[in-house]
Amino acid sequence: MSTVYLNGRYLPKDGATISVEDRGFLLSDGIYEVTPAYRGRLFRMEHHMRRLQHGLDTLRIEFDPAAMPEMHTRLIAENALDTEEVAIVYLQITRGVAPRTHHFPPAGTQPTVYAFAQAFHRPEMARWEQGYEAITVPDERWARVDIKSIGLLPNVLAQQAAVEAGVADALLVREDVALEGSHNNLFAVLDGVVTTHPATQRILHGIAREYVMELAGAQGLPVEERPILLEEIRGAEEIFFTGTTTEIRPTVRLDGEPVGEGKVGPVAKALYEAFKEGTRA
Ligand code: PDD
């Protein structure tokens, strides 16, 4: 059985329980992070910790995450995931356990801190090269999706719509702007420019997104952050999604229509190679 982390202790998963009064359970009052590890080495942990701190500060959850990187490394080792090509660590912090109120619990209420680690399996290259399909879904989320809140109901419904349509990804659209996926960021190649939505409050500031922008820049490709109209997306040369549990996933059909030539494009391919290479370094 896997070992998980709960409030300072490493426990068998079945032995880890939380209170029914946890504010994460009752109110989705918490945040999370998902950090990748390549052969046991955490990747861009500082970036993930910075985003976590942004969430803690914005929501005024008092928790010092200084011990989190070491905890992540130990959790990977405890679960014998050091030799896995890719593993992920999920971390969740809620405002703690207290009788249900909408306002904050009494000062001194300890946050609940939970984490687990698991292997992540990359798709076979032959499968990846066939490309994937996506559908568009209205973005019905709240106005602060830059916070990695555990309140993910609109994301759940969007991804369920994708699953029911038999496709890999759900592209969230608000006011004709294609923002991001249900659990990943969006890139489009438009007239040769690698384009993605700016890091505003309308998208999650993905760590993979930032990494992919750097990789594109290093390859000499023009990169631009700007809102992308759905109409533009429909005429894009290439579309792909990025994320910790997505890496780079190219979309070859959107809402049943071919994207570009309906094949995985050269930009997505080159960036995926560079992405994997960079995680080996
Ligand atoms: N999802 N946008 C949304 C809405 C996300 O939920 C995620 C991550 C991303 C990509 O962020 P990153 O590159 O830092 O993984 C973008 C995680 C993996 C999840 O919910 O499991």
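A salt bridge is taken here as a side-chain nitrogen of Lys or Arg within 4 Å of a carboxyl oxygen of Asp or Glu, and a search of the whole structure finds 20 of them. This is a predicted model, in which local features need pLDDT of at least 70 and side-chain atom pairs count only at pLDDT 80 or more, while totals for chains, interfaces and linings use all residues. Residues are numbered from 1 along each chain as its sequence is written, and side-chain values use heavy atoms, with hydrogens and water left out.

One of these salt bridges joins the side chains of arginine 95 and aspartate 29, at 2.7 Å from N to O. The pair links distant parts of the chain, 66 residues apart, since arginine 95 is in the loop between β5 (86–94) and β6 (112–119) and aspartate 29 in the loop between α1 and β3 (30–38); helices (H or I, at least four residues) and strands (E, at least two) are DSSP runs numbered from the N terminus. Both arginine 95 and aspartate 29 are buried, where buried means under 20% relative accessible area, exposed over 50%, and partly exposed in between (1.4 Å probe, protein chains only).

A further salt bridge pairs glutamate 180 with arginine 141, the closest N and O atoms being 2.8 Å apart. Glutamate 180 lies in strand β9 (residues 177–181) and arginine 141 in the loop between β7 (132–138) and α5 (153–164), so this pair ties together parts that are 39 residues apart in sequence. Glutamate 180 is buried, with a relative accessible area of 3%, and arginine 141 is buried at 9%.

Turning to the fold, the chain contains eight helices and 16 strands. Of its 281 residues, 51% count as buried. The domain assignment, which is automatic or taken from a database, gives domain 1 (3–119) and domain 2 (125–280). The C-alpha centres of domain 1 and domain 2 lie 26 Å apart, and 27 residues of domain 1 are in contact, meaning heavy atoms within 4.5 Å, with 22 residues of domain 2.

Which residues does histidine 48 touch, not counting those up to four places away in sequence? Histidine 48, placed in helix α2 (residues 45–59), touches Glu33, Val34, Thr35, Pro36, Phe43, Ile207 and Thr244, and histidine 48 is buried, with a relative accessible area of 1%. Phenylalanine 25, in helix α1 (residues 23–27), counts instead as exposed, at 58% relative accessibility.
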